[in-house]
Amino acid sequence: MKKVLGALLLGATIVSAFIAYSMYTNHSAKQTAAIEQKQAAKKAEKKTEKKKKPVLKVEDLTYQLKDSRTGQVMKEFKPVHYKDKDVYDREIKQLASELAKGIDTPMQNIKMDANGSLTGGSKQIILKEAELVKNLQNLNTKQLDVKVPIYETAPNVTAASAQGIADVSLASYSTRFRPSDTSRNRNVQLSAEAINNVVLGPGDSFSYNQTVGERTAERGYQPAPEIINKQLVMGIGGGICQTSSTLFNAIDGAGLQVTARSHHSKHVGYVPEGRDATVSWGGPDFKFTNNKDYPVIIKAYANINTGVLTVDVRTSQHAI
């Protein structure tokens, strides 16, 4: 009997163990399946998120145009036409031009006073439009700051380099005018005074309009004949082109580099044909650069009594 009971007990134990093992196995399988299911769901969710995440495009972003000197934001720019090359190129060239108008400042040249001291002068400020256009053509989605390339150049003259600067004449040129034409002569005289004693260091640029300034009655300029569209008409400041033309011939004789010059629409009598340099405020300008490795000084004098205007380009003896 005991043997029967023992066998039954052993059997019951085995059955219980089997049932427990089956239950454990099923539970573990369910847990594993649940974990795998969760992992699969997460992977699917990530794939969906990747598909839903928008791709950044240059034309959808806003860029900050920053002054290369200070890092300050000058303008915010959205390149909506970035994919249309022709339209976009026109747009950014116009943008660069508009920004340059508010930035570009001609050099104000240093002058020498009666005591031989250097006075005045201010730096040239230039926004390099072509460089800005190139920066805007190469936008990307990672860098939203765009450098606006602005360069400053101060007059390249010191008291030491200007020592004895008027000692030697490099070139001189004279033109004649009628002493009786008092209004025109006054304009010639004023413009000659404006360019007299201007000092240019190596690489310094000169703008006639910038140096002489606007020709107005308030500044002493008077009505006199001037050439416009091949006709002689009365205008405030008529005659100042004789000063600019005389200056051109002097600096050309000295070998300085002319960077901007225009002819009159008809021949003028005070210089040979083709040797003139017409100017007007807001219009044509006469510009040149000192391409020498030493400074030069411009001497200009209008003798009202003899009717002679002379421009002399000079430098120091040791410079040459």
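Student: What should I know before I start?

Tutor: This is a predicted model, where local features need pLDDT of at least 70, side-chain atom pairs count only at pLDDT 80 or more, and totals for chains, interfaces and linings use all residues. Residues are numbered from 1 along each chain as its sequence is written, and side-chain values use heavy atoms, with hydrogens and water left out.

Student: In what order do the six strands of the open sheet stand?

Tutor: First, the terms. Helices (H or I, at least four residues) and strands (E, at least two) are DSSP runs, numbered from the N terminus. Two strands pair if DSSP finds at least two bridges between them. Here the order is S4-S3-S9-S15-S16-S8, with antiparallel pairing. Strand S4 (118-119) and strand S8 (168-176) are at the edges with a single partner strand each, so one side of each has no neighbour in the sheet.

Student: Which helix packs on the sheet and touches S3?

Tutor: Contact means heavy atoms within 4.5 Å. Helix H4 (residues 182-195) touches S3, strand S9 (198-200), strand S15 (296-303) and strand S16 (308-315).

Student: Which residues of helix H3 are buried?

Tutor: Buried means under 20% relative accessible area, exposed over 50%, and partly exposed in between (1.4 Å probe, protein chains only). An α-helix has 3.6 residues a turn, so residues three or four places apart point the same way. In H3 (residues 129-137), Leu132, Val133 and Leu136 are buried. Seen down the axis of H3, its buried residues fall within an arc of 100° (taken from the directions from the helix axis to the C-beta atoms), so they line one face. Ala130 and Lys134, on the other side of H3, are exposed.

Student: What do the buried residues of H3 pack against?

Tutor: They pack against strand S1 (63-67), strand S2 (73-77), helix H2 (85-101), strand S5 (124-127) and strand S6 (145-148).

Student: How many residues has the largest nonpolar core?

Tutor: A nonpolar core is a set of buried Ala, Val, Leu, Ile, Met, Phe, Trp, Tyr and Cys residues joined through side-chain atoms within 4.5 Å. The largest has 36 residues. Ile195, Phe206 and Leu247 are among those with the most contacts inside it. The largest share of this core, six residues, comes from H6.

Student: Which residues does Ile195 contact?

Tutor: Neighbours within four places in sequence are left aside. The contacts of Ile195 then include Phe206, Tyr208, Leu247, Ile298 and Val311.

Definitions and conventions:
Axes are lines fitted to C-alpha atoms, for helices over the stretch in contact, and angles run from 0 to 180 degrees between N-to-C directions.
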